[in-house]
Amino acid sequence: MTSLLHVDNISKRFGGFIALDGITLDVQPGERLGLIGPNGSGKSTLVNCICGTLQNEQGSVHFDGHTMDGLAAHERTHRGLSRSFQLPRPFPSLTLAENLRIPMLYTVHKRSGTPLHADNIEVRCAELLQMVGLERKTRHLPRDLTQVEMRKLELARAMAAEPKLMIADEAMAGLSHSEIEEILALLKRLNESGITIILIEHIMSAVMSFSQRLIVLVTGKKIADGKPEAVVRDPEVVRAYIGE
Amino acid sequence: MPLFTVLAVVVALAAFMLLRIPNIEYLFVAGYTIVQYIVLATAWNILGGYCGYVNFGSAAFFAMGAYSTVALATFGNQIDEMVPESLAPFFHLIFPLPIPVLIVFGGIVSGIVGFGTGYLTLRLRGAFFAIATLALSVVLATLVVNWDFVGGSGGAYVVRPGEFPLLGSYVQYLFLLMLALAVIAVVAARTIERSRLGYGFAAIRDDELAAEASGVPTLRLKLVATTLSGALMGMAGAPFPYYIGYLQPAGVFGLEYAVNSIAMPLIGGTTSWIGPVIGTILLGTLQQVTTVTISSAVNVLIVGVLLIAFVIIAPNGIVGLVQDRLRARRQK
């Protein structure tokens, strides 16, 4: 089976600091992949290199049969790669519905070739907000939202681009147990609808229940890749997290 | 024609007719300045208000429009010396160019300058972008001061015809042209605001990284904004030499244009087309009244005081103040 995302030996430096050191990984269509690692291990840098926010110096990223090298972030979004940000970054002066309208106008609209009708956009916004449980705040501004609602908006906006692969960067940090369950259920529903998901998370219970496969990064290197149960028992992973 | 365009034209024509009733030439002279600032403020707002990129170089774009007119007028006066004899009759036929053509020409020149500036500076953000536009203004002013063809540091005279057919005075004709330009600028701004482009601009203003991640081609959109904004400013500047008669680099590149183009949208409100219009009518009228009653030097003081007052009382301008009130009432 050909993989949806193929990251081939990518490296990224910030001055003298090596943030990513020859990472290679594959993601299959429809997969739920967990990506973990201690703080500063390069998870977000990897996401940024995959999504085009940062450009990697070495190696290449292939997505859906095309090479992504040199493409700007918006071009990768057009090709079906979507992400949420670790710290929610809503458009503060736009209402929730308008926040979702941006990726629809600029990604879905362009991809389909036929202009989306205004009514369709309206309906689609309402559907997405209902899916994340924000339908009653359609006309509110992001500043009226709570932390968990903000994260839901972030996910809804990533969804609005109708991606093939979605990367959720720490969508659950700082949330309560029931709120984490809520977000997890949401991500699983998205996966069932056919979207491949990479989940980056520190909360192990969430990662373990969600992931079909787990990848561990430590200081910019991939040290484990496999079934979650096996990976967490891997001596090298244990050492990275707990020490000798 | 869409309803809004019709309304804008009707309002503009009504303003023109109203000013004709007292039949005082000075009203058109003052009115021209105010309407010219509607164009400048609206143009500034496309980049500054919609995209969030503060341009301190409005004077440069305005001056480019004005100086393209001067260059063409000077060329028109020197046709016999500058073109081969065989072509001279043809040029004599089309020169002097009518002002609407000069406006289009000024728009093209400033649009190109806007595109170039955008390409060079848009990787900069915030204060750095603002400083770069200010630098552009200084560079272009130096260029003009050292270019004798357009008058150099001594400035340039443009002799305007005394009368215009049908309307009578030439100032009325210039005022009417500027009104038309204001209608075009306002209709363009409002159309952008409600279009796909407008949503893209708003996303850039709010969060560029998130905009990119949502598929917005930020660099391309910013180039559209700088080009459009520059072109409109140039169009506002093109008839200026005919209005003022004597164009001086120090005047046309002056701080007054840059500061007013920023202050007017800020006072009115930057997120909507109506903000710059309200801000200009308020501030512009106030300036004209004080120029006549007190002194033109007080203008700058008024702008300063009002800006400080608005930053404290209504940071989102008059429109923002009203919107906040309405939203608060709706949520009660």
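Which residues have the most contacts inside the largest nonpolar core?

## Basis of the model

This is a predicted model, in which local features need pLDDT of at least 70 and side-chain atom pairs count only at pLDDT 80 or more, while totals for chains, interfaces and linings use all residues. Residues are numbered from 1 along each chain as its sequence is written, and chains are lettered from A and ligands numbered from 1 in the order in which they are written.

## Nonpolar core

Val39(B), Leu40(B), Phe62(B), Ala63(B), Met178(B) and Ala182(B) have the most contacts inside the largest nonpolar core, which has 163 residues. Such a core is a set of buried Ala, Val, Leu, Ile, Met, Phe, Trp, Tyr and Cys residues joined through C-beta atoms within 7 Å, where buried means that 20 or more other C-beta atoms lie within 10 Å of the residue's own, with C-beta atoms placed from the backbone.

Leaving aside residues up to four places away in sequence, Leu40(B) touches Ser58(B), Phe62(B), Met233(B), Ala236(B), Tyr257(B) and Ser261(B) (contact: C-beta atoms, placed from the backbone, within 7 Å).

## Contact between the chains

Chain A gives 23 residues to the contact and chain B gives 16 residues. On the side of chain A that touches chain B, the largest share, seven residues, comes from H3(A) (helices are DSSP runs of H or I, at least four residues, numbered from the N terminus).

## A helix pair in chain B

Helix H14 (residues 255-268) of chain B packs against helix H17 (residues 317-331) of chain B at an angle of about 15°, with axes 3 Å apart, and the two are therefore roughly parallel (angles under 35 degrees, between N-to-C directions of lines fitted to C-alpha atoms over the stretch in contact, on a scale from 0 to 180 degrees). Leu266(B), Ile267(B) and Gly268(B) of H14(B) make this contact with Gly317(B), Ile318(B) and Val319(B) of H17(B).

How values were computed: Buried ≥ 20, exposed ≤ 12 C-beta atoms within 10 Å, placed from the backbone. Contact = placed C-beta atoms within 7 Å. Parallel < 35°, antiparallel > 145°, perpendicular 65-115°, else oblique.
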